[in-house]
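Good morning, and thank you for the time. Please look at the display first.

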Amino acid sequence: MRALRLVRDHADTAFAVFCTVAMQIEVWFAGYSAHRPLLSLLALFATVPLAFRCVYPLASYTVIWLAIFAIVNLAPGFDDQSVIFVVVFVFALYSLGANARGRQAWGAAVLVPFAITAFVTDDGDAFHWGDIVFAALIIGGPWGAGLAIRLRRDRERSLTLRTVELERDQDERARVAVMEERARIARELHDVVAHAISVVVVQARGGRKVLDSDPQASRTAFDSIERTGEQALGEMRRLLGMLRDDDDDHSRAPQPSLVRLESLADEMRASGLPVELDVEGVPNGIPPGIDVSGYRIVQEALTNVLKHAGPAVARVTVRYAPDAVEVTVADDGRGGLAGSGTGNGLLGIRERVAVVGGEIDAGPEPEGGFAVHARLPYRDDA
């Protein structure tokens, strides 16, 4: 591998050395004794620049062309007898087309027709169409081949860079999607844990107070604690199972949905909070994200009522409109922390509404109590 890299890095230098040695041999053994020193010097100018053909394509070709033109005029017939002369001539033209870019490419576009003209008028005769066509093929052919290869190479490089950019963009979108999914799961876990702990604390406090005077009420409270804990564990297993690709059982568990609000209301009633549920319309075509968000908003609002409203009755209203679903949770209690709007529960509700591009109105009611009203629109990006 290192040997191949070494050959690739020094290929131009090696080729230039080979052409230099070969042309010097032809100069000194071709029978041009009268001009050997000058021909040898011109041969150096015709071959050494090949080592810089990639870095300075236009300059190296110009030097090579001038040296070749001088050799042909100094020693007529040398180009017909020398094999390496033709190799250098053709390869210099090819290198010009393959490596000249920008201003150098424009310079090459001017220099090549000039070279064709010089080639045609080299013998001093007038223009002939056959000579022009022949010169265009001899000079324009290698240059055009190099140009075509350069354009193809540039296109491949551009496509490669575009592919790398697209892969980087895809990785970035995947990273953002993972972060958003983690944030969503964090919100889900917060809702589940906050709701379960609030219910457990309320039931435990009530059960302890009536433990001696009303054992049956205490048993009911403990049953509610057990039921709430089992539900919370099930929800947490489902959410954490979403992070594991090989866990299909949790992904098939029932998802939070507005159609399950009656079960949520029963759970809150068992915890000591009277809940009145009113549903208007039919949930046809509601997006899954809106469905889950609506359920979590109602759950969090009822949890806030249970924690902060004191003795109260909660009224839950769900209305399905053609372009949105509206949920309202109102109570007739004393308010408390929920009314201040600084609790994490209310902040979580506002965040859920903002994610789906909805509207929320939360605050104390004029006749007492607290109300949360959220409108969640059906959007394609929601």
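This is a predicted model: local features need pLDDT of at least 70, side-chain atom pairs count only at pLDDT 80 or more; totals for chains, interfaces and linings use all residues.

**From surface to core**

Y56 is exposed, at 51% relative accessible area; exposed means over 50%, buried means under 20%, and partly exposed lies in between, with a 1.4 Å probe and protein chains only. Residues are numbered from 1 along each chain as its sequence is written, and side-chain values use heavy atoms, with hydrogens and water left out.

Y56 is found in the loop between α3 and α4 (57–74); helices here are DSSP runs of H or I with at least four residues, strands are runs of E with at least two, and both are numbered from the N terminus. Together with L38, L41, L44, F45, V48, F52, V55 and V63, Y56 makes a nonpolar surface patch of about 800 Å². The areas come from the Shrake-Rupley method with a 1.4 Å probe. Helix α3 (residues 36–47) gives the most to this patch, with 4 residues.

Which residues have the most contacts inside the largest nonpolar core? They are L258, L302 and V325, in a core of 35 residues. A nonpolar core is a set of buried Ala, Val, Leu, Ile, Met, Phe, Trp, Tyr and Cys residues joined through side-chain atoms within 4.5 Å. Among the elements giving two or more residues to this core are α11 (261–270), β2 (314–320) and β3 (324–331), and α12 gives the most, with 8 residues.

Helix α12 also holds S293, which counts as buried at 9% relative accessibility. Leaving aside residues up to four places away in sequence, S293 touches R352, V356 and L376, where contact means heavy atoms within 4.5 Å.

Finally, the strands. β3 is largely enclosed by the rest of the structure, because 7 of its 8 residues are buried. β3 pairs in the antiparallel sense with β2 over 7 bridges and with β5 over 8 bridges; pairing requires at least two DSSP bridges between two strands. β2 and β3 form a hairpin with 3 residues between them.

Conventions: Patches are made of residues with over 30% relative accessible area and no salt bridge: like charges are joined within 9 Å, nonpolar side chains (Val, Leu, Ile, Met, Phe, Trp, Tyr) within 5 Å. A salt bridge is a side-chain nitrogen of Lys or Arg within 4 Å of a carboxyl oxygen of Asp or Glu.
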